[in-house]
Amino acid sequence: MNRTIHISACAILLAGLGTIAPAQSETPEQHNARMQWWREARFGLFIHWGLYSVPAGEWKGETSHGEWIRETARIPLQEYDKFLPRFNPVKFDPDEWVRMAKNAGMKYIVITSKHHDGFCLFDSKETDFDVMSTPFKRDIMKELSEACRKEGITICWYHSIMDWHHPDYLPRREWETDRPTEGASVDRYVEHMKRQLEELTSNYGPIGVLWFDGEWEKTWNDARGRDLYAYVRSLQPGIIINNRVGAGRAGMEGLTTEGAFAADFGTPEQQIPATGLPGVDWETCMTMNDHWGYNKNDKNWKSAKELLQMLADIASKGGNFLLNIGPTAEGLFPPESVERLSAIGEWMTVNSEAIYGTQASPFRSLSWGRCTQKEANGKTVLYLHVFDWPADRTLVIPGLLHEPERAYLLSDAKQSALALSRDGFNMVIAVPRTPPDPINSVVVVELKDRASVLHPAEFTRSSKGDGLEIVLKSEVKEKEYVVRYTVDGSLPTVKSSEFSSPVKLKYPAVFKAAAFYKDKQFGEVTIMDIPLSVGKRVTLTTLPSVKYNAEGASSLSDGMFGTNEYTDGKWLGFEQSDLEAVVDLGESSTIHNVTLTYLVQTAAWIFGPTEIEYAVSDDGKTFQKVGAVKKEPGQWKDERGVNRFSRDLNRVKARYVRVSAKNIGVCPDDHAGKGGKAWLFVDEISVR
Ligand code: FHN
């Protein structure tokens, strides 16, 4: 079981919320009107196409390149320009591309008008490094925009700020020592880029989105981003612009977290935020295999099932899905892409109502799938995306407070009513034995008012000096819903203290909380057993293996525990070496327990320590031993998985706690790895 630590988009979005701000002169109503088609669309096609499709990922025997091939293979400009006469996509059929996208249920297409290599797929007066200088001599953007318009698909441009070809763009590639920078002017480059953007927003009709990229180099900044945003909006006031127009989208999370950039939506890349926030606009862009540009050797394709469940997952969090295809140099979608578009289209033909125009789920999480919802005239329609169909034919909707008017299968044209019943806080729907769809079956639930859902209480916590501050993550606005908590280790009851954010606790503390609705507990009890050591500095005498070093020494005092999965990224692994760690509590404290967590997975040559010793000190130099244990190697046979060696102390006062654990050194004689290097895996040192 791998414990993945989700990047809470809530935290990122809240941090960034004030920075994905519409242009100053636009009212919220105007902003919403401008965003409406995009929010309703939910699903678009990304196309990365250009000269890099000619080498198709291969250069001098290396086959892992993509659209970055000029950089990753360090191809000099003159060499790369030789792809121009080889770019002749005679099989390009814009109507076929648009038909496949439309049939897949995609509502917009974002295509690379110019990627980082500087090559323009459109007829630009600004440069000869464009499609008109190839044997093809056709304005691809013109043909594609016209094909889109015929089919009611919105055409959008991806445009790279970074340009590896234009003489005025800086910085050069660090290996390009043959291209002088003298006389180069970024200001002049920006003027050139603006003239190209004027071409792209004047010659091809209304454009849906200007999807900027390549904004991360040191010559680009917030001020330039704001200026470019305003400039493009002046050319087409109704256009939508992503947050990469600014500088610093905070890496692949794609959501601006610093500074104050004008932008209309966030752009997580190759990932789906763990949670979304209704009303905050973001779009996940994702490849179908591992490359944006065509790579003829990349066969690592995501399945149609993965892509369809990603679509539902993203929509259930209030986001858009921009799914990428890298066409071949001949102008064809790779067959694997075509197959996936077709499979997605089959599902969308039946279920697109559960995607288009929907909002984020009212549920925090659903064990069997996802949920999207639409509100209209005070009524709510829930779309339950069931990935794991219940074998017992009872679909449980946790915490749904209001009685649905009816439920039915979206695939059932007759909308035959499904039987509804209530089990405590949960609504139960009786469903057929066979799911309508093997990947994602949609059950529709109609409510006569808004979807009011109970959430189990969830908290965020932060270290505050000698204590802890606990905040309730989200409120449930139901008058008979209350969160109650205790700090004495007892389980919360209806008589326990009512939680009101923030609750401040001093270390060590045991915090237990639960939600109650109409005086009945809803959801699990949250337990935070906060030792003195959480958040405190840990120093190691010997460093762990680079392969298993989690977040370094701080992993031993982060309050998070490794699992039985030794590769879960939470363990510190020592190959044939010992652990010696010192926890600095920051000040002399009364200590009544020390516990070390370690892992035994003998099949992976991971053994428990032969000796563990705890010692304390006030000055960090002279230590007094306060607890130890010695074990024979054979004793590990009865230990497997996560173990804890806990020692109660008679309330010694100390500032430093030293934990030593001895590696058995080599695998025992009766072990498959006899004589081989043994591993010692440790995690959390808890001091109370
Ligand atoms: O460097 C580009 C990459 O080639 C690709 O275009 C992706 C798509 O979002 N954007 C940049 C990497 O973040």
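Tutor: Gladly! Keep in mind that this is a predicted model.

Student: Which side of the cut-off does K137 fall on, buried or exposed?

Tutor: K137 has a relative accessible area of 53%, and the cut-off for exposed is over 50%, so K137 is exposed. K137 also has a positive phi, about 45 degrees, although it is not a glycine. Its place is the loop between β2 (108-114) and α6 (140-151).

Student: Let's turn to rings. What makes F92 and W97 an edge-to-face pair?

Tutor: The structure holds 34 aromatic pairs. In the pair of F92 and W97, the centres are 4.8 Å apart and the planes are at 75 degrees. Ring centres must lie within 6.5 Å to pair, and planes over 60 degrees apart count as edge-to-face, so the label follows.

Student: How do you know that F92 and W97 are buried?

Tutor: The limit for buried is under 20% relative accessible area. F92 has 4%, so it is buried. W97 has 1%, so it is buried too.

Student: Which residues are linked with F92 and W97 into a cluster by ring pairs?

Tutor: The cluster consists of W49, F87, F92, W97, F119, F129, F136 and F333, linked by ring pairs.

Student: What makes F459 and F511 an edge-to-face pair?

Tutor: Their centres are 5.4 Å apart, with 85 degrees between the planes. The distance is within 6.5 Å and the angle is over 60 degrees, so the pair is edge-to-face. The pair links distant parts of the chain: F459 belongs to strand β15 (residues 459-464) and F511 to strand β20 (residues 509-517), 52 residues apart. F459 is buried because its relative accessible area is 13%, and F511 is buried because its value is 0%.

Student: How do you know that the charged end of K107 sits over the ring of Y356?

Tutor: The charged end of K107 is 4.5 Å from the centre of the Y356 ring. The distance limit is within 6 Å, and the label also needs an angle within 35 degrees of the ring normal. K194 has such a placement over the ring of Y231, at 5.1 Å from its centre.

Student: Where is N88, and why is it called partly exposed?

Tutor: N88 is in the loop between α4 (77-81) and α5 (94-103). Leaving aside neighbours within four places in sequence, N88 is in contact with P135, F136 and A329.

Student: Is N663 buried or exposed?

Tutor: N663 has 7% relative accessible area, and buried means under 20%, so N663 is buried. N663 lies in the loop between β27 (641-662) and β28 (679-687). Its contacts beyond four places in sequence include F574, D578, T610 and W679.

Student: What makes the bond between L170 and P171 stand out?

Tutor: It is a cis peptide bond, with omega about 5 degrees. Most peptide bonds are trans. P171 is found in the loop between β3 (154-160) and α7 (186-202). A cis peptide bond also joins S501 and P502, with omega about -15 degrees, and P502 lies in the loop between β18 (497-498) and β19 (503-506).

Terms used
Residues numbered from 1 in each chain as written. Predicted model: local features only at pLDDT ≥ 70, side-chain atom pairs only at ≥ 80, totals over all residues. Heavy atoms only, no water. Phe/Tyr/Trp six-rings, centres within 6.5 Å; stacked < 30°, edge-to-face > 60°. Buried < 20%, exposed > 50% of the residue type's maximum accessible area, 1.4 Å probe, protein only. Helix = DSSP H or I, 4+ residues; strand = E, 2+ residues; numbered from the N terminus. Contact = heavy atoms within 4.5 Å.
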